[in-house]
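Me: I'd like to talk through this model, one question at a time. Can you walk me through it?

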Amino acid sequence: MSFRNGLHSFVLVFFYVLAVAPAAWAQEEPPVVRALYDTFAELGGERPTHQSLTSAGDGTITITGVKILMQNMQQDGQDVRQELTADELILSNGKEISEGLFEVDDMSMKNAVISMTTPEVETINITMPVMHAKGAFIHAPSSLKTGLDRMFAQSLLARSYSIPLMTMTVSTFSLDFHDLNFKWDGDPKTFMGESLYSIGSVELPASTLDNFGMQPSLQDLGYEKLVFAMTGRANMQLPSETIEVDGDSSFLAREMGAFSSSGAVGGIQPSLLEAAQA
C-alpha cells in the first residue's frame, strides 16, 4: 500500500470516528438511566424511549423526548395505561446508595404529561410545564421484590417535589392546581415514613359543581367560582405484618370557611398490593 493510499484511509477512518463516536457516546445509558428504563420496562411492559441522551462532565444527564409507559394492565378485558412523556428530563448527581437503589440529588422535567386511560372514564391528562424534585429514588429491577416495591418504584418517590402549575383535563373539563409541594422523610428501602403536602390554590367554576345538582347552587349563593387551598399529612408504617396509615388534612375555601379531618386505618395486607400490581 502506498503512503498516499494509507494516509487517505487513515483520514477516512479518522473523520468517521469523529462523526459516529460522539453519537454513540451520547446514546449510552448511564447506570441510573439504565435502572430507570429497566424498571419501567418490567412495570409497563415496554422499554422507555427518548430522542437524545447526553451526559455532562459534572454528572448531569439530559434526556429529551422521553416516553415512559408507567403502567399497562388489563381490567375487565380492557387496557389500563399510564404513560409519561416529557420534552426534557434532567438528572443531576445520580449515585447508587445500595444495591439496586439510586438517589438523584436533583430531577426536573419540562412540559411533562401523564396520560391515564381506564375503561370507566375518558383519557385523563395531567400536564406540568415544570416539575422539580430533590432526593429522587430510582429502583433497579433487582430491588423489586414485592407489590409494595413495584408500586412505589412506579411513583418515583423523592424527598421533595415542587410543581408551580399542574392542569388536569378530562374531555372538555379542565382544572388548574397552583403551587403543589410534597415532602417525604421515609425509608427508600421500605417506603415507610411521613409525607406532607400542600396545594396553594385551586379554582373551580361554580357551574362545574352546579352541574352536579347542588341545591342551592353556588351561583344562587353569589359565588362565580370556588377557590380553595389544601394541606395534609400521611404517615405509613409497617410495625408488624400489616400496614398502618394515619393522617390529617385541612381544606380552606376563600370567603367560605375551612374544615379539617383526620383518620387512621390499619390491618392492610401487603399482599393486596401484590395483586394490585400484578
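Predicted model: local features only at pLDDT ≥ 70, side-chain atom pairs only at ≥ 80, totals over all residues.

Me: What volume does the largest pocket have?
Reply: A pocket, on a 1 Å grid over the protein atoms alone, is an open set of points where a 1.4 Å probe fits, with protein on both sides within 12 Å along at least five of seven lines; lining residues have an atom within 4 Å of a point. Grid points are joined across faces, edges and corners, and the volume is the space filled by probe spheres set on the points. For the largest pocket that comes to about 830 Å³.

Me: Which residues lining the largest pocket are the closest to its centre?
Reply: Strands β3, β4, β5 (124-139), β6 (158-170), β7 (173-184) and β8 (193-205), plus helix α3 (147-155), each supply at least two lining residues; helices (H or I, at least four residues) and strands (E, at least two) are DSSP runs, numbered from the N terminus. Of the 25 residues in the lining, the closest to the centre are I114, S155, Y161, I163 and M166.

Me: How far apart are the closest N and O atoms of R47 and E29?
Reply: They form a salt bridge, that is, a side-chain nitrogen of Lys or Arg within 4 Å of a carboxyl oxygen of Asp or Glu. R47 lies in the loop between α2 (31-44) and β1 (52-55) and E29 in the loop between α1 (3-27) and α2, so the pair ties together parts that are 18 residues apart in sequence. The closest N and O atoms are 2.5 Å apart.

Me: Is E29 buried or exposed?
Reply: Buried means under 20% relative accessible area, exposed over 50%, and partly exposed in between (1.4 Å probe, protein chains only). R47, at 37%, is partly exposed, and so is D38 at 29%, whose side chain also meets R47 in a salt bridge. E29 is at 18% relative accessibility, so the answer is buried.

Me: What kind of aromatic pair do F137 and W184 form?
Reply: Rings of Phe, Tyr and Trp (its six-membered ring) pair if their centres lie within 6.5 Å; planes under 30 degrees apart are stacked, over 60 edge-to-face and the rest tilted. Here the centres are 6.2 Å apart with 80° between the planes. F137 sits in β5 and W184 in β7, 47 residues apart. The pair is edge-to-face.

Me: Which residue of β10 is the bridge partner of G232?
Reply: Strands pair if DSSP finds at least two bridges between them. β9 (residues 225-237) and β10 (residues 243-253) pair in the antiparallel sense over 10 bridges, forming a hairpin with 5 residues between them. The partner of G232 is S249.

Note on methods:
Residues numbered from 1 in each chain as written. Heavy atoms only, no water.
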